[in-house]
Amino acid sequence: MSDQNCSKEACASCAQAGNCSKKQQDADQKLRDRLSRINRIIVVMSGKGGVGKSTVATNLAMAASLTGKRVGLLDVDLHGPSIPTMLGLENESLVGDDDGIRPVTIGSLLVLSVGFILQNPDDPVIWRGPMKMGVIRQFIEDVNWGDLDLLVVDVPPGTGDEPLSICQLIPNLTGAVIVTTPQKVAAVDVRKSVTFCKQLKVPVLGVIENMSGFACPHCGEVTPIYRTGGGKKLAEEMDVPFLGAIPIDPAIAEDCDAGKSFIEASANSPASASFREIIEKIL
Ligand code: ADP
């Protein structure tokens, strides 16, 4: 953990004003250096929880890494980090060297989550906004991500401290992907995420409709069990791209629970194909 002398949250602007400590200016430079080695950074957001945002973030990152790209997955869902469980990495912890903290690797994917620093997975994270900002900053500044083609950031649902911190800390964000489900109530919430991005001048790469129909595990046929198309309609209304739909696939939950990478373990399923098509569009 670095020593942060500056009490101001937006330290880059503090440095510009000339009233920031040398230590803080060095830290700002280090952050810029780390970011300059990452080609694209996308943040995966949702208006509400339970729509499959972490599932989408994990599988998009995994799908990109399977194409041979160097990919990182950063989980800043500080209060409910689920990515270690999804990838079977619950027992991993972080180690570091002179170049910084080393992310945990699964295949060629680099993963960092607050879950790796909690002593007990049942411990609640009780942090106020500035502390969250500090931890998120360290997840970029103090972590040896190396040269990445893509960093996928999973933020908690809504428009709170964590997405705000990410948008403020990363001036070169490529954009945001917004996950929703077909039900109207989730679509209403996602409008807030789109507006949040527009206000912070973060490009919206597009909307993904998750849990869109049910993919039969036997024949692969997708049956619309809720009225589908809400994500597409919403994207059109908000004038942002629609990236695609991912069906409910029982293998997603099964593979997640077993800590297996769904996209590898169930490579032939319709949902796997959707993840691959969507990441291709994003890349
Ligand atoms: P969020 O991050 O939005 O809270 P999660 O990604 O944790 O949601 O997903 C919530 C639950 O839904 C998990 O158990 C996950 O395995 C399951 N899930 C997500 N998307 C799908 C899908 N397309 N098909 C089947 N299960 C899914």
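**Cores, pocket and cavity of the predicted model**

In this predicted model, the largest nonpolar core comprises 42 residues, of which Leu-74, Trp-145, Val-153 and Ile-166 touch the most other members. A second, separate core holds 38 residues, including Ala-64, Val-104, Val-152 and Val-179. In soluble globular proteins, nonpolar side chains tend to be buried together. Beyond residues up to four places away in sequence, Leu-74 touches Leu-112, Phe-139, Ile-140, Trp-145, Leu-151, Val-152, Val-153 and Asp-154.

Val-76 was examined next. This residue is placed in the loop that runs between strand E2 (71-75) and helix H4 (83-86). Val-76 has a relative accessible area of 0%, so it counts as buried, the limit being under 20%. When neighbours within four places in sequence are set aside, the contacts of Val-76 are Ile-136, Phe-139, Val-153, Asp-154, Val-155, Pro-156, Glu-162 and Ile-166. Gly-49 lies 27 residues from Val-76 in sequence, and the C-alpha atoms of Val-76 and Gly-49 are 14 Å apart in space.

At the level of the whole chain, 11 helices and 11 strands are present. The radius of gyration is 19 Å, close to the 19 Å given by the globule rule for 283 residues, so the protein chain is as compact as a globular protein of that length. Along the principal axes, the C-alpha atoms fill a box of roughly 60 × 40 × 35 Å. Of the 283 residues, 51% are buried. Among contacts with a separation of 6 or more, 75% are between residues 24 or more positions apart.

Empty space in the model was then considered. Rolling a probe the size of a water molecule over the atoms shows where empty space is left. The largest pocket contains about 320 Å³ of space. Its lining consists of 22 residues, and those closest to the centre are Gly-50, Val-51, Gly-52, Thr-55 and Met-211. At least two lining residues come from each of helix H3 (53-66), strand E9 (204-215), strand E11 (242-248) and helix H9 (250-257). By class, the lining of the largest pocket has 9 nonpolar, 9 polar and 4 charged residues.

The structure also holds 1 cavity of 30 Å³ or more. The volume of the largest cavity is about 50 Å³. Thr-58, Asn-59, Met-86, Leu-87, Cys-256, Lys-260, Ser-261 and Phe-262 form the lining of this cavity. These residues divide into 4 nonpolar, 3 polar and 1 charged.

Backbone geometry was inspected at two positions. Most residues other than glycine have a negative phi. Met-211, one of the residues closest to the centre of the largest pocket, has a positive phi, near 60 degrees. Met-211 belongs to strand E9. Lys-201 sits in the loop between helix H7 (184-199) and E9. The relative accessible area of Lys-201 is 72%, which means that the residue is exposed, the limit being over 50%.

Technical notes: Residues are numbered from 1 along each chain as its sequence is written. This is a predicted model: local features need pLDDT of at least 70, side-chain atom pairs count only at pLDDT 80 or more; totals for chains, interfaces and linings use all residues. Side-chain values use heavy atoms; hydrogens and water are left out. On a 1 Å grid over the protein atoms alone, a cavity is a set of points where a 1.4 Å probe fits but cannot get out, and a pocket is an open set with protein on both sides within 12 Å along at least five of seven lines; lining residues have an atom within 4 Å of a point. Grid points are joined across faces, edges and corners, and a volume is the space filled by probe spheres set on the points. Helices (H or I, at least four residues) and strands (E, at least two) are DSSP runs, numbered from the N terminus. Ala, Val, Leu, Ile, Met, Phe, Trp, Tyr, Cys and Pro count as nonpolar, Asp, Glu, Lys and Arg as charged, and the others, Gly among them, as polar. A nonpolar core is a set of buried Ala, Val, Leu, Ile, Met, Phe, Trp, Tyr and Cys residues joined through side-chain atoms within 4.5 Å. Buried means under 20% relative accessible area, exposed over 50%, partly exposed in between (1.4 Å probe, protein chains only). Contact means heavy atoms within 4.5 Å. The radius of gyration is taken over C-alpha atoms; the globule rule is 2.2 Å times the number of residues to the power 0.38.
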